[in-house]
Amino acid sequence: MTDLSSITSSMSSTISRQTASLGKAANATQKSFSDVMSKLGTEVGIKPKTGFVAGPTYEANTLVGQTKSAFNHAIDATKAALQIKP
């Protein structure tokens, strides 16, 4: 006859290891997701890459600021090519 206490102990040990592994995986996933959201927020311009929260340095480090700068440079180049004075 099989000793039930050894089977129960083995099953309990296996379940607790799997639970611990799931906990570690959940923490790693949460940290990765948090890191991705932080980087996304910085790139889109929701939060700064540097300590600046306003002004030209802040704007130059955001996607919105870089897009605005490229657009302004394109307009200035067009004006210069067509010799349009401000």
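This is a short tour of a predicted model, one selection at a time.

Residues are numbered from 1 along each chain as its sequence is written. Because the model is predicted, local features need pLDDT of at least 70 and side-chain atom pairs count only at pLDDT 80 or more, while totals for chains, interfaces and linings use all residues, and side-chain values use heavy atoms, without hydrogens or water.

Start with the whole protein chain. It has three helices and zero strands, in the order α-α-α; helices are DSSP runs of H or I with at least four residues, strands are E runs of at least two, and numbering starts at the N terminus. Of its 86 residues, 7% count as buried, meaning under 20% relative accessible area with a 1.4 Å probe and protein chains only.

Next, colour by pLDDT, the predictor's confidence in each residue from 0 to 100. The chain mean is 75, and 79% of residues reach 70 or more. Where pLDDT is low, the predicted coordinates should not be read in detail.

Now select Val36, in helix α1 (residues 4-44).

Finally, select helix α3, residues 63-81. Its 19 residues reach 27 Å from first C-alpha to last, close to the 27 Å expected at 1.5 Å a residue; the expected span is 1.5 Å times one less than the number of residues. After α3 comes Gln83, with a positive phi near 55°.

Technical notes. Buried < 20%, exposed > 50% of the residue type's maximum accessible area, 1.4 Å probe, protein only.
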